[in-house]
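User: I am new to this structure. Please take a close look at one part of it and walk me through what surrounds that part.

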Amino acid sequence: MDLYRKLEYRSEFESFVNISSNIFKIISSNKEKFSSPRHIALTYAYNYFLTWLYRYCKHELIEMNCNTTITETVKVALGMSKNYKCVDYILKKDGVSDSIGLTQTVSVLETPSTWYLDDEFLHLINRKEYYESMLDFKIDEKVKNKKSKKPLLATEIRIIDNEEYGGTFNDKRMSFTVDFNIFIYCMERKELGLYGFYIYSFLKMQSFKYGGKFTLSRKYISEKTGLNELAIKRTMSELRQHNMINVDFGKNFEKKKKTNEYLVIDEFSLFVF
């Protein structure tokens with residue numbers, strides 16, 4: 001995709017990012033704030049993409065190569081026109097994503113320009129620091145007024161079940177990873193899209209939790225994601241057809257509740273192309 005060429009995406013170095021396991025609880029517990037179920041799934045994908053942009057310091061490349069704002073670039077990445085307005089209530093300053101604690105609107109000067117690892121600890125150098133380290137460099141006034149987003153679950157303290165954790169960039173506890181290639185794969189296929197990526201990621205989080213195969217009911221998945229069971233059923237079918245998950249259909253007779261056993265395929269090369 002042309003966008004990822006402009007963002008100079010290097011899959012061998014930039015394909016993984018850690019996502020906080022409680023993101024689904026945050027989103028689903030605020031589902032009344034979204035105008036449609038699709039926007040629930042969009043909010044997850046939006047935060048995933050923002051976290052990837054922030055981790056790999058892509059903001060300046062957007063300005064140089066894409067000739068769009070951060071918000072416009074995100075919309076394109078999520079399969080929309082850059083001028084699509086119906087999701088602005090989620091993405092704008094103090095919008096839904098900000099209000100439920102997933103993001104914070106900041107100056108682009110606070111976004112990272114470069115990064116380095118020190119004994120596996122990730123250090124992000126923001127643009128203001130980086131520019132000020134350069135002799136005789138003056139920051140363009142237009143740049144000072146531009147805004148971006150900070151992914152709070154990756155950068156700030158997280159409270160999960162009354163326990164304190166660091167941001168997922170450096171504290172991998174209570175987090176999971178999804179290959180960025182899988183994000184691209186879903187966004188480039190309308191039959192998967194936002195729903196496919198959202199449900200796949202939820203199942204991937206469960207796979208991390210249980211260490212492989214696990215058993216869940218669609219009702220449980222609905223409660224934890226905020227999507228209705230019909231949407232989940234349709235999405236699961238597409239995930240199976242693309243060999244992204246394996247499902248053993250069964251029934252828990254003891255509890256008289258239908259449950260299925262899931263195995264998430266995380267090897268991107270095994271997907272159906």
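Analyst: Start with Ser 148. This is a predicted model. In it, Ser 148 has a relative accessible area of 3%. Buried means under 20%, so Ser 148 is buried.

Where does Ser 148 lie? It lies in strand β5. That strand covers residues 147-151. It is mostly covered, with four of its five residues buried.

Next, the strand's partner. Strand β2, residues 103-107, is joined to β5 by five bridges. The two strands run antiparallel.

Now the contacts of Ser 148 itself. Neighbours within four places in sequence are left aside here. The residues in contact with Ser 148 include Gln 104, Thr 105 and Val 106. Val 108 and Thr 111 also touch Ser 148. So do His 59 and Ile 70.

What covers them? Just after α6, Gly 79 takes a positive phi of about 90 degrees.

Lys 75 forms a salt bridge with Asp 88, and the closest N and O atoms are 2.7 Å apart. The pair links distant parts of the chain: Lys 75 is in helix α6 and Asp 88 in helix α7, 13 residues apart. Asp 88 counts as partly exposed, at 22% relative accessibility.

How many salt bridges does a search of the whole structure find? It finds ten. Another one joins the side chains of Glu 14 and Arg 10, at 3.2 Å from N to O. Glu 14 is buried, at 3% relative accessibility. Arg 10 is partly exposed, at 42%.

Arg 5 and Asp 2 both lie in α1, three residues apart, about one turn of the helix. An α-helix has 3.6 residues a turn, so residues three or four places apart point the same way. The closest N and O atoms of Arg 5 and Asp 2 are 2.4 Å apart. Arg 5 is exposed, at 59% relative accessibility. Asp 2 is partly exposed, at 39%. Lys 6 joins in too: Asp 2, Arg 5 and Lys 6 are linked in a network of salt bridges.

Last, the nonpolar core. The largest one has 74 residues. Helix α4 gives the most to this core, with twelve residues. Which residues have the most contacts inside the core? They are Tyr 44 and Phe 183. Leaving out residues up to four places away in sequence, Tyr 44 touches Ile 19, Ile 23, Phe 24 and Ile 27, among others. Phe 176, Val 178, Phe 197, Tyr 198 and Ser 201 also touch Tyr 44. In soluble globular proteins, nonpolar side chains tend to be buried together.

Back to the starting point. Ser 148 is buried, and Ile 70 is among its contacts.

Methods:
Residues are numbered from 1 along each chain as its sequence is written. This is a predicted model: local features need pLDDT of at least 70, side-chain atom pairs count only at pLDDT 80 or more; totals for chains, interfaces and linings use all residues. Side-chain values use heavy atoms; hydrogens and water are left out. Buried means under 20% relative accessible area, exposed over 50%, partly exposed in between (1.4 Å probe, protein chains only). Two strands pair if DSSP finds at least two bridges between them. Contact means heavy atoms within 4.5 Å. A nonpolar core is a set of buried Ala, Val, Leu, Ile, Met, Phe, Trp, Tyr and Cys residues joined through side-chain atoms within 4.5 Å. A salt bridge is a side-chain nitrogen of Lys or Arg within 4 Å of a carboxyl oxygen of Asp or Glu.
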